[in-house]
Amino acid sequence: MTFPKNFLWGGATAANQFEGGYDKGGRGLSSLDMVTNGSINEPRQITRSTISDKYYPNRKASDFYHHYKEDIALLAEMGIMIFRMSISWSRIFPKGIENTPNEEGLKFYDNVFDELKKYNIEPLVTISHFDIPLNLVEKYNGWASSEVIDLYLKYCEIIFKRYKNKVNYWITFNEINAGVTGVSSYQGLGIRNEGTISYSDVEDDPQIRLQALHYQFVAAAKAVVMGHEINPNFKIGCMIGSSICYPYTCHPKDIIHAQERNQLYNYYCADVQVRGEYPYYAKRIWDNENVSLHITKNNEEILKKGKADFLAISYYATMCVSATQTGESALANLNLDTLRNPYLEKTDWDWVIDPDGLRFTLNEMYARYQIPLMVVENGLSAYDVLDENMEIHDPYRVEYFKAHIRAMNEAIEDGVDLRAYTTWAPIDLVSAITGEMKKRYGFIYVDFDDYGNGTGKRYKKDSYYWYKKVIASNGESLD
């Protein structure tokens, strides 16, 4: 194995899925506090107010808010070098519009960063990870209004200055390409158009959605410029939810269709944030969606100035798409529906397992952008069983990670500049798409069920000890 000596091994979480404490420390409600739990067959509901007989799993999540010292100690014992986490915007500005930040919220993250520093764990902070203060959804329809740009920048300025000596690595938006699909518009952009009911029943307006995505691009670029002024040593990256599309057949129309899907899902956002301008094919996308974006000269200038320092990706699965065929469907990231790839196995939640696709993705992204890459999400969801001995045996997870680590090594051998790998997620948390806790990803088991019942105790899975050896050997010991 040829992982560089300074390669960063770690794990990744998100405040909305992991932190909990939604009503503690002066925090306000966020957009995802209004989403019920669901399942692979029952979509999560998006409600306007709290319904008493519904369960809202993001509010409690894994309760990192009360367990952060214990959780960080467990990560340190495993050897984690870098911990990807997010700051809850509504913990800093409860309504998103205040002039003064919530000091209790700022102090909480001071404590978290200090705890990480105690163990020499590098924080990688996502500024906005799919949650936005609920008030901004209600007042502005999320990112549909350009006024949210300045509110986001006020939030960025506060955390950049507060943590300028504690955080070196930042990501402006989690999986910003969620905004290219209508089904993920509430999750990624906080857009809740009249008629939106659930994650599968979204009232989409492409004009509103793609304009909102443009506002996120502008906000991200301005944040990069601001961050570098506050601390020139900051590394501020962008992040794409990788959804590489294979043509389902070698029919030329399938080849073209896959190319178009890749442009939309994987490259449209990264082209803007890494290259600093909209790509040549953007107009075709806008024409297909019948939209006309308002893009000012000033917007164009800031996009060029605020280019990302690195590109982060999440990687779970590849997709098969076709313009000529129909067939069995399979699920993919960003709530996308795709055709089943007959050559690949699938997870308990119907996502394909494709480690070779990770090597392919890394090569495609590096060839296109030529800047450092990070894989900041990659993991296997599975039904894990806590047995009578309080043990969890998960050889399937070990095999999954072995294959994907080997794929990353091949990409490095290919010449890809890969800097870090943070698995999703080192500790069990709430699923973004289904809202379940039983859809477990972690090396560490959290004793909560899908309704928040349980002790909240943490238990090391077999994979915990395996990943500890991987980190200690810099990827050499995979058996």
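Let me begin with the second largest cavity, which has a volume of about 70 Å³. A cavity here, on a 1 Å grid over the protein atoms alone, is a set of points where a 1.4 Å probe fits but cannot get out, and lining residues have an atom within 4 Å of a point. Grid points are joined across faces, edges and corners, and a volume is the space filled by probe spheres set on the points.

Before going on, the ground rules. This is a predicted model, where local features need pLDDT of at least 70 and side-chain atom pairs count only at pLDDT 80 or more, while totals for chains, interfaces and linings use all residues. Residues are numbered from 1 along each chain as its sequence is written, and side-chain values use heavy atoms, with hydrogens and water left out.

Back to that cavity. Its lining includes Thr172, Phe217, Val224, Cys238, Val272 and Leu303. At least two lining residues each come from α8 (206-230), β5 (235-241) and α9, and α8 has the largest share, with four. Helices (H or I, at least four residues) and strands (E, at least two) are DSSP runs, numbered from the N terminus. By class, the lining has eight nonpolar, four polar and no charged residues. For those classes, Ala, Val, Leu, Ile, Met, Phe, Trp, Tyr, Cys and Pro count as nonpolar, Asp, Glu, Lys and Arg as charged, and the others, Gly among them, as polar.

The whole structure has nine cavities of 30 Å³ or more. Of the 17 residues lining the largest cavity, Gln17, Tyr316, Asn333, Glu377 and Ala432 lie nearest its centre. That lining divides into eight nonpolar, six polar and three charged residues.

Next, a pocket, which is an open set of points with protein on both sides within 12 Å along at least five of seven lines. The second largest pocket has a volume of about 250 Å³. Two elements give two or more residues to its lining, α9 (252-275) and α10 (282-289). The largest share, six residues, is from α9. Among the lining residues are Glu260, Arg261, Tyr281, Arg284 and Glu289. The class count is four nonpolar, three polar and four charged.

Now the aromatics. A pair of aromatic rings is described by the distance of the centres and the angle of the planes. Rings of Phe, Tyr and Trp (its six-membered ring) pair if their centres lie within 6.5 Å; planes under 30 degrees apart count as stacked, over 60 as edge-to-face and the rest as tilted. That rule gives 40 aromatic pairs. In one of them, the rings of Tyr68 and Phe108 have centres 5.6 Å apart and planes at 85°, so the pair is edge-to-face. Tyr68 sits in helix α2 (residues 64-78) and Phe108 in helix α4 (residues 103-118), 40 residues apart. Both are buried, meaning under 20% relative accessible area, with exposed over 50% and partly exposed in between (1.4 Å probe, protein chains only).

Tyr316, already named at the largest cavity, forms an edge-to-face pair with Tyr441, at 6.3 Å centre to centre and 65° between the planes. Tyr316 is in the loop between β7 (311-314) and β8 (319-321) and Tyr441 in the loop between β12 (418-424) and β13 (444-446), so the pair ties together parts 125 residues apart in sequence. Tyr316 and Tyr441 are buried. Ring pairs also link a cluster that includes Phe3, Trp9, Tyr400, Phe443 and Trp466.

Last, the backbone. Most residues other than glycine have a negative phi, and most peptide bonds are trans. What kind of peptide bond joins Trp424 and Ala425? The bond is cis, with omega about -20°, and Ala425 lies in the loop between β12 and β13. Phe130 is not a glycine, yet has a positive phi of about 65°. Phe130 is in the loop between β3 (122-128) and α5 (134-140), and is buried at 8% relative accessibility. Met390 also has a positive phi, near 60°. Met390 is in the loop between β11 (373-377) and α13, and is partly exposed, with a relative accessible area of 40%.
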